[in-house]
Amino acid sequence: MSAHLRFTGLSRRFGRRWVLQRVGGEVATGGVLLVHGRNGSGKSTLLRCLAGLSGLDAGEIHYQENGSPLDPEARRRAIGYVAPDLTFYEPLTIEENLTFFARLRGLPGDTARSAVARIGLDPGAYFGVLSSGMRQRVRWAWALLARPRLLLLDEPFQNLDPPGEALARELLAEHLEGGLAVVASPISVELPRVTGVIELAG
């Protein structure tokens, strides 16, 4: 399955402050588009716009899979998203959380269990007692539940210990065998298959 993301002239402001001004980029199957910039430069806003979670003041986003364009609603359903502010239901276990979201998306019953096994955590652990690094692993599992072609990763290695980061990099490498990714980071990170870089000045 092939996929291609292209966006041009993306602009977004909050009040009188422009967070994004005429930002453009492109990435296709097997590639990573890396977004750099200091805190507050608009990296998270850019990813939220690409995900369809935040509106635009100007610009266009084009995403297609197997040559078929996806409208904004279909694009929201098709992506996997990792972000520091993504949280889950604290009174539920990891598996219960992922099962809930898998059912919402009409995924097979064993999807959540397989996802938990892949991230190496106890499926019966309650989300509310997890460390920040374990929570980040759960975010990765959630993003990959539906095996999306497009991953939007906002600081994807945040709070991970060395084994956790190694796992996340392995998951990304596996994803790139048939998918594409946009990765936002405030610091320079070495990633496989970077085909483009966007520098946001803020």
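Biologist: How many bridges join strand 1 and strand 4, which pair in the antiparallel sense?

Modeller: I note at the outset that the model is predicted. Strand 1 covers residues 3-14 and strand 4 covers residues 58-65. The pairing of strand 1 and strand 4 runs over seven bridges.

Biologist: Which strands stand at the edges of the open sheet?

Modeller: Four strands make up this open sheet with antiparallel pairing, and their order is 2-1-4-5.

Biologist: What angle does the direction of helix 1 make with that of strand 1?

Modeller: Helix 1, residues 43-51, packs on the sheet. Its contacts there are with strand 1, strand 2 and strand 4. Relative to the direction of strand 1, the direction of helix 1 makes an angle of about 120°.

Biologist: How many of the nine residues of helix 1 are buried?

Modeller: Helix 1 is mostly covered. Its buried residues are K43, T45, L46, L47, C49, L50 and A51. Of the nine residues in helix 1, the number buried is therefore seven, by the cut-off of under 20% relative accessible area.

Biologist: Which helix gives the largest share of the lining of the largest pocket?

Modeller: The largest pocket has a volume of about 480 Å³, and 19 residues line it, with R118, L144, L145, R147 and E174 nearest its centre. At least two lining residues come from each of helix 4 (111-119), helix 5 (132-144) and helix 6 (162-175). By class, the lining holds ten nonpolar, four polar and five charged residues. The largest share, five residues, is that of helix 4.

Biologist: Which element supplies the largest share of the lining of the second largest pocket?

Modeller: The second largest pocket holds about 340 Å³ of space, and among its 16 lining residues L53, R76, I79, R105 and W142 are closest to the centre. Helix 1, helix 2 (72-78), strand 6 (79-82) and helix 3 (94-104) each contribute at least two residues to this lining. Its classes are ten nonpolar, one polar and five charged residues. The largest share, three residues, belongs to strand 6.

Biologist: Which residue of strand 7 is the bridge partner of G80?

Modeller: In strand 6, I79 and Y81 point one way while G80 and V82 point the other way, and all are buried. Strand 6 pairs with strand 7 (residues 150-154) in the parallel sense, over four bridges. Within strand 7, the partner of G80 is L151.

Biologist: Is E155, with its positive phi, buried or exposed?

Modeller: Most residues other than glycine have a negative phi. E155 is not a glycine, yet its phi is positive, about 50°. This residue lies in the loop between strand 7 and helix 6. Its relative accessible area is 19%, against a cut-off of under 20%, so E155 is buried.

Biologist: What is the relative accessible area of N159?

Modeller: N159 is found in the loop between strand 7 and helix 6. Its phi is near 70°, a positive value in a residue other than glycine. N159 is partly exposed, and its relative accessible area is 43%.

Definitions and conventions: Residues are numbered from 1 along each chain as its sequence is written. This is a predicted model: local features need pLDDT of at least 70, side-chain atom pairs count only at pLDDT 80 or more; totals for chains, interfaces and linings use all residues. Side-chain values use heavy atoms; hydrogens and water are left out. Two strands pair if DSSP finds at least two bridges between them. Contact means heavy atoms within 4.5 Å. Axes are lines fitted to C-alpha atoms, for helices over the stretch in contact, and angles run from 0 to 180 degrees between N-to-C directions. Buried means under 20% relative accessible area, exposed over 50%, partly exposed in between (1.4 Å probe, protein chains only). On a 1 Å grid over the protein atoms alone, a cavity is a set of points where a 1.4 Å probe fits but cannot get out, and a pocket is an open set with protein on both sides within 12 Å along at least five of seven lines; lining residues have an atom within 4 Å of a point. Grid points are joined across faces, edges and corners, and a volume is the space filled by probe spheres set on the points. Ala, Val, Leu, Ile, Met, Phe, Trp, Tyr, Cys and Pro count as nonpolar, Asp, Glu, Lys and Arg as charged, and the others, Gly among them, as polar.
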